[in-house]
Amino acid sequence: MSNIHKIHGILNIFAISLFTFGVIIAFIRELIGEKWFIIHITSQLCATLILTISIILVIYTSTNKNKPDPKTKIGRHKILGKILLSLIYFQILFAFIGKRLLDRNIWVILHTIIASIILILGWIQIYLIIK
């Protein structure tokens, strides 16, 4: 494993941890008070930025530009990574646009479900590549 891939892994672990932190903040918002939203948004956007940098870093330094083979560990990692990144960007878009288009209660439920899927897939992604 190259140093770039190690950096990629460390950045991803940090990003998924930040996503997790942001979700926890949203769940305990009553304990935190009015500043919960700033903490939540900041952690989520920082996590997205770190994850994006990590992926750009590994894409541009990768010597294997072939399509991922879903039968290999790295192939599955790349495919799951693309799904995860797509969900994350969709979640950001949905966070800002979905509020205006949907009833608040429906939006909260969908936003929570998408966030849960992102966290579960993120931690599965980390586990599978470390395993």
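Predicted model: local features only at pLDDT ≥ 70, side-chain atom pairs only at ≥ 80, totals over all residues.
View 1. Apart from neighbours within four places in sequence, Leu-84 is in contact with Ile-16, Ile-118, Leu-121 and Gly-122.

**View 2. The course of helix H4 and its buried residues.** Helix H4, with 29 residues, reaches 39 Å from its first C-alpha to its last, which is close to the 42 Å expected at 1.5 Å a residue. A kink of about 40° in H4 is centred on Ala-95, and Ala-95 is itself among the buried residues of this helix, which also include Gly-75, His-77, Leu-80, Gly-81, Leu-85, Ile-88, Gln-91, Phe-94 and Gly-98. The cover over the buried residues of H4 includes helix H1 (3-27), helix H3 (36-61) and H5.

**View 3. A nonpolar surface patch with residues from H4 and H5.** Leu-93, Phe-96, Ile-97, Leu-101, Leu-102, Ile-106, Ile-109, Leu-110, Ile-113 and Ile-117 make a nonpolar surface patch of about 890 Å². Helix H4 (73-101) and helix H5 (104-130) are the elements that each give two or more residues to this patch, and the largest share, 5 residues, comes from H5.

**View 4. Ile-106 in helix H5.** Ile-106, one of the residues that make the nonpolar patch, lies in helix H5. Ile-106 is classed as partly exposed because its relative accessible area is 44%, a value between the limits of 20% for buried and 50% for exposed.

Technical notes
Residues numbered from 1 in each chain as written. Heavy atoms only, no water. Patch = residues over 30% accessible without salt bridge, like charges linked within 9 Å, V, L, I, M, F, W, Y side chains within 5 Å. Areas by Shrake-Rupley, 256 points an atom, 1.4 Å probe, with all protein chains shown as cover. Salt bridge = Lys/Arg side-chain N within 4 Å of Asp/Glu carboxyl O. Helix = DSSP H or I, 4+ residues; strand = E, 2+ residues; numbered from the N terminus. Buried < 20%, exposed > 50% of the residue type's maximum accessible area, 1.4 Å probe, protein only. Expected span 1.5 Å × (residues − 1). Bend = angle between axes of the 7 residues up to and from the residue. Contact = heavy atoms within 4.5 Å.
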